[in-house]
Each structure stands twice: as C-alpha cells, then as structure tokens.
Amino acid sequence: MTFPSVTMVIALAVALAAAEPASAQAPPATPKGAKPAAPSTGSVQRGRGPAQRGAPGLTPAAKAKLRNPARLTEVAPPTYSARFDTSVGPFVVQVHRDWAPKGADRFYNLVKNGYFDNTRFFRVLPNFMVQFGINGDPTIQSAWRDANIPDDPVKQSNKRGYITFAKSGAPDSRTTQVFISFGNNARLDADGFAPFGQVISGMEVVDKINAEYKEQPDQGRIQMQGNAYLRAFPRLDYITKATIGK
C-alpha cells in the first residue's frame, strides 16, 4: 500500500491466495494492493457507475486544501461518526480514537475535507472486505501517495463491520486506503491491521456494494488516471459524499 512506489506488494498474500499484488495501498488478507469492485446488479439509472448523476464536486478551494496533506492534521474527537452517502444507500461509521489514534485522526481529516467524495469502491471481495480510498482526481491523489502515518498498535480485532486502514508489509505504510470487513478477519490482527471504528448503521448497505469486478481495476492506474480510468468499470459503486457527525 504505498498508495514511487505506486506499486505495492500484498504483504499477506499467504493469508489470502486470492489477493494479488497491487500498485497501491490495499487492505489485509491482504487488504493491500487490490482492485475495485463494482455492483453486479443495479444500473447507472439507479445511481451506480461512473456517470454518478447528481454526485457533488469539490470546489477549487477544497481541492487546493486536499493537495496539502501536511496541513490536514487536526486531532479527532475521542469518538465521532462519519456518514457515507453512496450509490447503494447510506451507512454510518463510528470511530473510537482510543482504538487507533493515528488512524482515527487521519480518517477524520480525510472525511472532513471531502477526500472520499466522488470516489469508488474499487476492490470488493465477497466474504472478505470492501476497500476504498484512492481519490478520483490524480492531482489530489498524488499528494497523498507518500503521506504515510505511523502504525497504531492493534487493540481491536478485524471483525465484521470493522473499518481499518490498508497497508503494505512495510512499517508505517498507511496512507488513505481503508477497508470494511464483511466477516471475521481476525487473522489480520497479527499482521498489524488496527481497526479504528465500526459500521453502526447500514451494514446491509455495505453488503450490497457491487462485487462484480472484484480485483480487476488496477490500483496503479487508478492513482495515475483517477475516475477517468474507472469508466472502464461502469457499474462500480461509489461514495457521493462523506460527512463528519457527532
């Protein structure tokens, strides 16, 4: 997940033979280099796919702010929620800073500043996890590719509905990619994948995210070309907007 090194090798390939090396940060088991998944059912008309009818865009000022990761280091509240409005419906994540402070702070700054808006669920592996967090604008994504944060100790297990930063086998390699576990992925705990929150509402929505493309989208090309490249996967589900709650 070194999301110059656009290319990342899945450190946990042994844990999950299905996972391939990816050119970007990806989730364990390996949530590390991976590819986007798209909705196998549902049409662009019902809100899926890169056409993203009605998906809001960031203002020039917001984009400029996102291009400077060094300034987005606000300390998160002890607990907070993040609502994700998506092409399949909304879900809410509750974050506990004491579970993984560095991960919670990074996630807070990403959500608060619109990083996840108009981004795709680019890797979906049934019975394992859904991964997202590569920005659709390459000029924004390039600024975050090497904006690593230090590792957090693992205090919670990677259970169903828990959200965790993806990383490579290298220390301190987390950047912006996260994954939500579909089932019990406790095997990832020993590899340093530290959950920082869990889905408290809308897990049935997460379950519906299209897994049609599984790991087909190439993470390196997503990072270099953004959503323009992902038009080749027209039924990918996506986030329209993510917002911080209480």
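Helix α2 spans residues 101-112, which makes 12 residues. From first C-alpha to last it reaches 16 Å, close to the 16 Å expected at 1.5 Å a residue. The model is predicted. In it, α2 packs on a sheet, and 8 strands close into a barrel.

**Helix α2**
- The helix is mostly covered, with 9 of its 12 residues buried.
- Those buried residues are G103, A104, D105, R106, F107, Y108, N109, L110 and V111.
- After α2 comes G114, and its phi is positive, near 80°.

**The barrel**
- The strands follow the order β1-β2-β7-β5-β6-β4-β3-β8, and their pairing is antiparallel.
- From one strand to the next, the twist averages 35°.
- Strand β1 (residues 79-86) and strand β8 (residues 238-244) are joined by 5 bridges and run antiparallel.
- D85 stands opposite K241 in β8.
- Helix α2 touches β1, β2 (89-96), β5, β6 (178-181), β7 (195-201) and β8.
- The direction of α2 makes about 45° with that of β1.
- In general, strands of a sheet pair through backbone hydrogen bonds.

**Residue D152**
- D152 sits in the loop between α3 (138-144) and β5 (162-165).
- D152 counts as buried because its relative accessible area is 5%, and the cut-off for buried is under 20%.
- A polar atom of the D152 side chain lies 3.2 Å from the backbone nitrogen of K102.
- The D152 side chain also makes a polar contact with the side chain of R174, at 2.9 Å.
- Leaving out residues up to four places away in sequence, D152 touches A100, P101, K102, G103, R174 and A194.

Note on methods:
Residues numbered from 1 in each chain as written. Predicted model: local features only at pLDDT ≥ 70, side-chain atom pairs only at ≥ 80, totals over all residues. Heavy atoms only, no water. Helix = DSSP H or I, 4+ residues; strand = E, 2+ residues; numbered from the N terminus. Expected span 1.5 Å × (residues − 1). Buried < 20%, exposed > 50% of the residue type's maximum accessible area, 1.4 Å probe, protein only. Polar contact = N/O pair within 3.5 Å; in protein donor to acceptor, adjacent residues only side chain to side chain. Contact = heavy atoms within 4.5 Å. Pairing = 2+ DSSP bridges. Axes fitted to C-alpha atoms, helices over the stretch in contact; angles between N-to-C directions.
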